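Hi,

Here is the model I promised to pass on. Have a look at it first, then read my notes below.

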Amino acid sequence: MVVKDYIRERFFPHIWCPGCGHGIVMGSMIRAIHNLGIKKNDIVVVSGIGCSSRISGYLDFHTLHTIHGRALAFATGVKLSRPELTLIVPMGDGDALAIGGNHLIHAARRNIDINAIIMNNNTYGMTGGQFSPTTGYGNYATTAPYGNVDRSFDIVKLAIGAGATFVARTTTYHVTEMIKILEKEIAHKGFSVVEILSQCPTYYGRKNNFASAVDMLNYYKTHTISIGSEKKEENPDLIERGIFKQEEKPEYCDEYDEIIEKASKG
Ligand SMILES: Cc1ncc(C[n+]2csc(CCOP(=O)(O)OP(=O)(O)O)c2C)c(N)n1
Ligand code: SF4
């Protein structure tokens, strides 16, 4: 496989800081799409604004780089008008859960066939490290110099509660697992959410005593476990990785087609 076949070299060098996790996610997206054998022309990547959202500029598919928090709204429009296309929406935790939180829960309850990828770096990287809905209680941010008092969303629980039919979590340390999960996500018909813990060494890392990007990757290695591991009983703070939900349910575009048919028959 040649990664260069899937990227727009004219936009390189990329904007990401050394050690940023988002490039690992982009590389894994490319490999998953390649392994599934989907034609480049059949893929639409829609993103909002953020370091993570910059992925849409670098990938050589049909792409829409839209406005902060609204990627899922644009993607819904594209999917409803061209349901045969594969829609992928890479987002940051700020983009997906703060300004875009409402779009996320409503896309989930409709079960529209869109693949949301949430790169959770616990901060607003692009704008300088403000706290986000996943920064975590007691952690530090440029806008929380004495410690954050907001509690975090659990992205997996939120997505399941809102009705997403495929929900998973992985990290940038677990690349082979990430590629397999992304393959399953894209192959699933319905609204799917994959949370990927993706390090921001520049802001979240520096503010929270991580000496380097490698330190953050080591944290993902030592503080996460596969779903069902016995270690979770010994240490409830460990974060679970894997596929939490995978369920077949009627998809929104299909249901909409049925309504159009009913209406056209009068
Ligand atoms: C309507 C609007 N509000 C605020 C901004 C400023 N802004 C740009 S990116 C961003 C947050 C990015 O954080 P996240 O989505 O978590 O992505 P990251 O950069 O961490 O990958 C913000 C607040 C904007 N571009 N548009
Ligand atoms: S600020 Fe953080 S999220 Fe943005 S490119 Fe740098 S390391 Fe990545």
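The count of aromatic pairs comes to five, where rings of Phe, Tyr and Trp (its six-membered ring) pair if their centres lie within 6.5 Å, with planes under 30 degrees apart called stacked, over 60 edge-to-face and the rest tilted. Trp16 and Tyr58 are edge-to-face, because their ring centres are 5.1 Å apart and their planes sit at 80°. This pair links distant parts of the chain, 42 residues apart: Trp16 is in the segment before helix 1 (22-36) and Tyr58 is in helix 2 (residues 55-58). Helices here are DSSP runs (H or I, at least four residues), numbered from the N terminus.

Now the ligand. Which residues are the closest to ligand 1? They are Cys51, Ser52, Gly94, Asp95 and Gly125, out of 17 that surround ligand 1 (a heavy atom within 4 Å). A backbone N or O atom of Cys51 is 2.8 Å from a ligand 1 oxygen atom, and for Gly125 the distance is also 2.8 Å. Taken alone, ligand 1 exposes 590 Å², and the protein buries 74% of that (Shrake-Rupley method, 1.4 Å probe).

Some housekeeping: this is a predicted model, where local features need pLDDT of at least 70 and side-chain atom pairs pLDDT 80 or more, while totals for chains, interfaces and linings use all residues. Residues are numbered from 1 along each chain as its sequence is written, chains are lettered from A and ligands numbered from 1 in written order, and side-chain values use heavy atoms, without hydrogens and water.

Cheers

Key:
Helices (H or I, at least four residues) and strands (E, at least two) are DSSP runs, numbered from the N terminus. A polar contact is a pair of N or O atoms within 3.5 Å; within protein, one must be able to donate a hydrogen and the other to accept it, and residues adjacent in sequence count only if both atoms are side-chain atoms.
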